[in-house]
Amino acid sequence: MKFFIDTANLQEIQEAHDLGVLDGVTTNPSLMAKEGIFGHDNVIAHYKKISEIVDGDISAEVIATDFEGIVREGEFLAELHPNIVVKVPMIRDGVKAIRYFSEKGIKTNCTLVFSAGQAILAAKAGATYVSPFVGRLDDISTDGMQLIEQIVQIYGNYGYQTQVLAASVRHVMHLVQCAEVGADVVTCPLNVITGLLKHPLTDSGLEKFLADHAKGNK
């Protein structure tokens with residue numbers, strides 16, 4: 001399973017990269033705004049900075065919601081770097097644009113997916129990735145993880161090549177459950193990735209080893 005980090009923060013991206021387990025990055029307008037990045041030129045420059053850190057797919061989201069606008073933005077973004085994946089919303093013109101990009105050999109990430117039906121449309125259109133939002137479904141008392149499992153099964157039934165990219169992954173158990181049900185990718189904040197390191201028995205065991213070593217060297 002691939003690990004993507006869901007952020008526009010360069011320091012966090014660098015830290016995840018230095019850990020040696022980072023496979024890619026996902027961003028969106030909200031994450032850019034969180035880092036104080038506004039304006040077309042600043043956003044483009046930021047994508048270029050990310051591509052200098054990460055040797056993996058980088059999802060860059062379009063703002064347009066009409067077919068022509070999505071295509072225009074997506075083609076521009078795809079020209080920035082070979083690793084750029086055009087992130088397209090699950091809307092009618094978005095699906096049409098995904099088909100267009102697929103035929104042009106441009107990688108896509110279909111985002112804001114909340115149902116198996118939407119995921120089927122994305123795969124049929126030729127999306128490289130589909131992004132079902134686990135945490136946001138949990139927020140409305142729906143089982144987000146069940147959707148991941150359902151999509152994985154459907155794609156397996158028909159041999160769709162679209163990768164299931166579990167998004168809105170908020171804690172370690174989400175990530176582990178995604179691995180259990182066969183998600184191809186998870187994207188999550190840095191603290192979820194580093195949270196995998198933690199276990200109280202690891203901490204106490206290391207403390208004892210070091211204490212015993214210190215005794216032996218007195």
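Modeller: Two strands pair if DSSP finds at least two bridges between them. Helices (H or I, at least four residues) and strands (E, at least two) are DSSP runs, numbered from the N terminus. By that count, 8 strands close into a barrel, in the order β1-β2-β3-β4-β5-β6-β7-β8, and the pairing is parallel. The twist averages 30 degrees from one strand to the next, with axes fitted as lines to C-alpha atoms and angles run from 0 to 180 degrees between N-to-C directions.

This is a predicted model: local features need pLDDT of at least 70, side-chain atom pairs count only at pLDDT 80 or more, and totals for chains, interfaces and linings use all residues. Residues are numbered from 1 along each chain as its sequence is written, and side-chain values use heavy atoms, with hydrogens and water left out.

Strand β2 (residues 24–26) runs parallel to strand β3 (residues 57–61), joined over 3 bridges. Here T26 stands opposite S59 in β3.

Now the helices. N9 caps the N-terminal end of helix α1 (residues 10–19). A side-chain oxygen of N9 lies 3.0 Å from the backbone nitrogen of Q11. After α1 comes G20, with a positive phi, near 90 degrees.

L197 sits in the loop between α10 (190–195) and α11 (200–216). L197 is exposed, with a relative accessible area of 60%. Exposed means over 50%, buried under 20%, and partly exposed in between (1.4 Å probe, protein chains only). Of the 218 residues of the chain, 45% count as buried.

Definitions and conventions. Polar contact = N/O pair within 3.5 Å; in protein donor to acceptor, adjacent residues only side chain to side chain.
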